[in-house]
Amino acid sequence: MDTKISTDFYKSNVLGQRSGLFVLFFTEMWERFSFYGMRVLLIQFLTAAVIAGDPLKSGWAWTAEEAGALYGTYAMMLYLTPIFGGIIADKYIGSRMAVIIGAIIMTIGHAAMAFDTTIMFFIGLACLVIGTGFFKPNMPSILGEMYKDLPEKKDGAYTIFYMGVNAGAFFGMMLCGYVAETQGWHWGFGLAGVFMLLGTLQFAFAKPLMGNLGIISKDKEVIAAKAAEDTDKRNPFTVLDYTLIAIVGVIGFLYAFNDPLSKNGIIDMFSALDTSVLRGQNIMILIALIIFIYMLVSRILRYDKVVRDRMFAVVLLAFFLIFFFMSFEQGATSLVLVARDYIDRTLEGSALLTFNIVNGLLTIVPLAIISWVLIKLAVSTWAKIALSNVILITCFLIIWGAALWMLSEEFAKDASEITVSWFSTLNSFFIIALASTVSKLWESKYNPSAAFKYGFGLVLVAIGFLVLGLGSMGISEGVKISMIFLVLTYLFHTLGELFISPVGLSYVSKLVPGRMLAFMFGIWYLAIAIAQKLAAVIGGQVETIKAEYSLSHFFFLFTAIPLAAGVLVMILNPIIKKLMHGIK
């Protein structure tokens with residue numbers, strides 16, 4: 001990329017940071033608003049009953065298993081397409097154009113889902129997967145380039161950017177969820193698309209401020225220097241490597257689509273391989289896993305000892321990451337169904353008034369703070385990017401209108417049922433509230449090693465499920481669980497996320513030499529993709545496990561899995577530290 005940036009970029013600043021950071025902040029915020037706003041509705045919509053005479057609030061009446069299979073494939077693909085999107089941006093179109101293309105495709109996807117037809121729904125999901133592939137890897141890339149000459153400000157810039165991610169997720173799940181559950185599913189899908197469109201325009205019209213950030217340089221010297229970089233010359237991919245990668249890729253791709261297709265009774269491409277113990281698709285994915293492990297290990301073994309050991313440390317951490325996200329991502333699948341069907345969400349009297357006051361503060365205070373940042377940005381950059389600021393102000397007028405409408409509707413009720421989507425906002429709220437406190441641990445003498453960070457994160461997730469398991473023990477049919485148990489579950493899960501998620505990619509960048517970063521980041525995202533699929537598939541069994549055993553059995557299963565993984569990774573701490581060769 002060209003590192004030249006307009007002089008205006010350097011002159012204008014907001015809150016001590018470059019004003020361009022806040023252009024990225026708001027772009028990412030609206031993208032996350034639309035993404036999480038849609039995501040929180042997906043499982044609810046798929047499993048909602050068909051309501052005669054009310055198509056707006058009718059769902060597809062799928063089982064939890066069928067919905068989990070589709071959601072798992074969707075979530076899995078969201079972490080695989082960014083690998084290709086990053087490569088395309090680096091080689092051909094540049095990060096900025098990739099972000100714009102991705103945002104446009106996602107806007108089309110959200111618009112498609114606003115229509116009440118099956119074909120448009122699946123076209124929408126496909127567009128969201130493709131668009132995310134372009135968008136997701138390139139926003140952080142532009143941010144890194146923006147602060148290339150100012151490394152001492154980079155940590156603060158990423159922290160602010162991360163807050164934008166969570167602010168968007170918080171408001172998206174709250175408002176899209178409320179609109180969908182009270183007005184109709186496709187109104188919620190459509191609202192997500194409105195903000196995706198406006199966020200895209202805001203970013204595109206900010207070009208005069210951003211200079212040449214994210215644009216591939218045509219300067220011959222820059223091109224020659226990039227071509228001379230040592231990317232992977234010490235360990236080139238062999239024909240066998242490419243062949244094995246292709247085989248694994250084809251099997252994985254077929255499995256991802258076969259799972260929801262077969263569970264919905266459409267087609268099973270691997271039925272000929274079915275046995276009394278395993279389904280054919282599971283046999284094929286096990287074969288693919290064995291081939292992949294062989295390819296990965298044989299490739300790493302070709303490096304020098306220190307590099308080899310550090311890459312094995314990354315692989316070990318990626319392995320335990322699967323157990324974390326497999327459990328944590330129940331928040332997008334089974335916990336949504338639990339909140340809808342098994343949590344007592346009814347409030348009245350003083351309890352309802354208290355909730356409405358708290359919910360009002362949770363909505364208005366952060367919205368006011370972010371609006372203040374918007375005003376600071378507009379004052380600093382109006383002369384350069386007036387149109388971008390006008391669009392941004394329009395976004396906030398809409399969101400303020402939607403928030404005040406939601407709160408007024410709830411305050412007017414004598415009795416109310418909290419929306420299912422409200423519980424999903426707790427994760428983002430707790431992150432915003434607790435992130436700075438937890439991050440201080442990393443700067444203190446109590447900063448734990450990588451293995452213990454992962455161990456603590458996994459144990460905290462296990463405690464979250466233990467709380468919900470204890471809350472659901474012994475309840476009879478028709479009796480619902482107190483909402484405090486689910487609130488505490490999200491609190492422990494968020495603490496677990498703060499121990500693992502923000503530091504994971506940091507360890508990859510520390511442990512892996514620059515020439516292998518792309519390969520190992522790919523492995524990292526593959527681990528998350530696998531975890532997303534496992535989370536949805538196992539989460540889809542919530543109704544089956546409840547019917548055969550009890551609801552508490554389901555929660556105790558997700559207590560045992562991350563707890564065992566957390567204890568194991570802490571036991572392996574000496575080995576992992578040795579493999580890191582001094583990297584902390």
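The dialogue below sets values against cut-offs.

Tutor: This is a predicted model, where local features need pLDDT of at least 70, side-chain atom pairs count only at pLDDT 80 or more, and totals for chains, interfaces and linings use all residues. Residues are numbered from 1 along each chain as its sequence is written, and side-chain values use heavy atoms, with hydrogens and water left out.

Student: Why is the pair of F355 and W422 called edge-to-face?

Tutor: Rings of Phe, Tyr and Trp (its six-membered ring) pair if their centres lie within 6.5 Å; planes under 30 degrees apart are stacked, over 60 edge-to-face, the rest tilted. The ring centres of F355 and W422 are 5.0 Å apart and the planes stand at 65 degrees, so the pair is edge-to-face.

Student: What makes this pair a tie between parts of the chain?

Tutor: F355 lies in helix α15 and W422 in helix α16 (residues 420–442), so the pair ties together parts 67 residues apart in sequence. Helices (H or I, at least four residues) are DSSP runs, numbered from the N terminus.

Student: How do you know whether F355 is buried or exposed?

Tutor: Buried means under 20% relative accessible area, exposed over 50%, partly exposed in between (1.4 Å probe, protein chains only). F355 has 14%, so F355 is buried. W422, at 10%, counts as buried too.

Student: Why is the pair of F554 and F555 called edge-to-face?

Tutor: Their ring centres are 5.9 Å apart and their planes are at 75 degrees, so the label is edge-to-face. F554 is buried, with a relative accessible area of 0%. F555 is buried, with a value of 0%.

Student: What class does F411 fall into, and why?

Tutor: F411 has 42% relative accessibility, so F411 counts as partly exposed. F411 sits in helix α15 (residues 349–411).

Student: Why is T559 called buried?

Tutor: T559 has 10% relative accessibility, so T559 counts as buried. Its place is helix α21 (residues 551–571). Beyond neighbours within four places in sequence, T559 contacts A462, F465 and L466; contact means heavy atoms within 4.5 Å.

Student: What makes a set of residues a nonpolar core?

Tutor: Its members are buried Ala, Val, Leu, Ile, Met, Phe, Trp, Tyr and Cys residues joined through side-chain atoms within 4.5 Å. The largest such core has 168 residues, and F26, W30, Y74, F396 and F423 have the most contacts inside it. A second, separate core of 6 residues includes V438, L460, L498 and F499.

Note on methods. Helices (H or I, at least four residues) and strands (E, at least two) are DSSP runs, numbered from the N terminus.
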